[in-house]
Amino acid sequence: MGLLDGKVALITGASRGIGKAIALKYASEGADIAFTYVSANESIVEELTQEITAFGVRVRAYKANAADFALAQSLVGEIHKEFGHIDILVNNAGITRDSMTRKMTDEQWDLVIDINLKGVFNLTRYVGPMMEELGGGSIINIASVVGEYGNI
């Protein structure tokens, strides 16, 4: 019996790194896993899907960038339809485009804001009401140490 039996976790940016580790840990504790990725190789996604399935839980990968309002709403609706609910949202997806302010392009800035902030806002916006109806849930926002200490 796992700590997260019967729970459904949506984890963004879970094809590698911290997101992958979270997905595997939650699956080992009994949570069904819905995870997103944007640019990962399909073989990496399939490998992770098999690793999660080995824990005896349901899993589904979604190629999605939640920075798009309509796509985020559609994604949450699709996960709700397939899994029935979302108990845990882990906003893990994030990127960096380290540069001095005067050298950063508008496109680089927009991409960082879209992935790191808009995606979090959009998914929280659509998952939050679902959790309210369930009587609770957990939303976990992951941030880089660079957010605390900074870089160039």
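Predicted model: local features only at pLDDT ≥ 70, side-chain atom pairs only at ≥ 80, totals over all residues.
Residues are numbered from 1 along each chain as its sequence is written, and side-chain values use heavy atoms, leaving out hydrogens and water.

Start by selecting Ile11, Tyr26, Ile33, Phe35 and Ile52: of the 20 residues in the largest nonpolar core, these touch the most other members. (A nonpolar core is a set of buried Ala, Val, Leu, Ile, Met, Phe, Trp, Tyr and Cys residues joined through side-chain atoms within 4.5 Å; buried means under 20% relative accessible area, exposed over 50%, partly exposed in between, with a 1.4 Å probe and protein chains only.)

Now zoom in on isoleucine 33. Leaving aside neighbours within four places in sequence, its contacts (heavy atoms within 4.5 Å) include Ala9, Ile11, Tyr26, Ile52 and Phe83. Apart from this core lies another, of 17 residues, with Ala64, Ala66, Leu75 and Val76 among them.

Next stop, isoleucine 18. Is it buried or exposed? Isoleucine 18 counts as exposed because its relative accessibility is 54%.

Finish at asparagine 141. Which residues does asparagine 141 touch, not counting those up to four places away in sequence? They are Asn91 and Val120.
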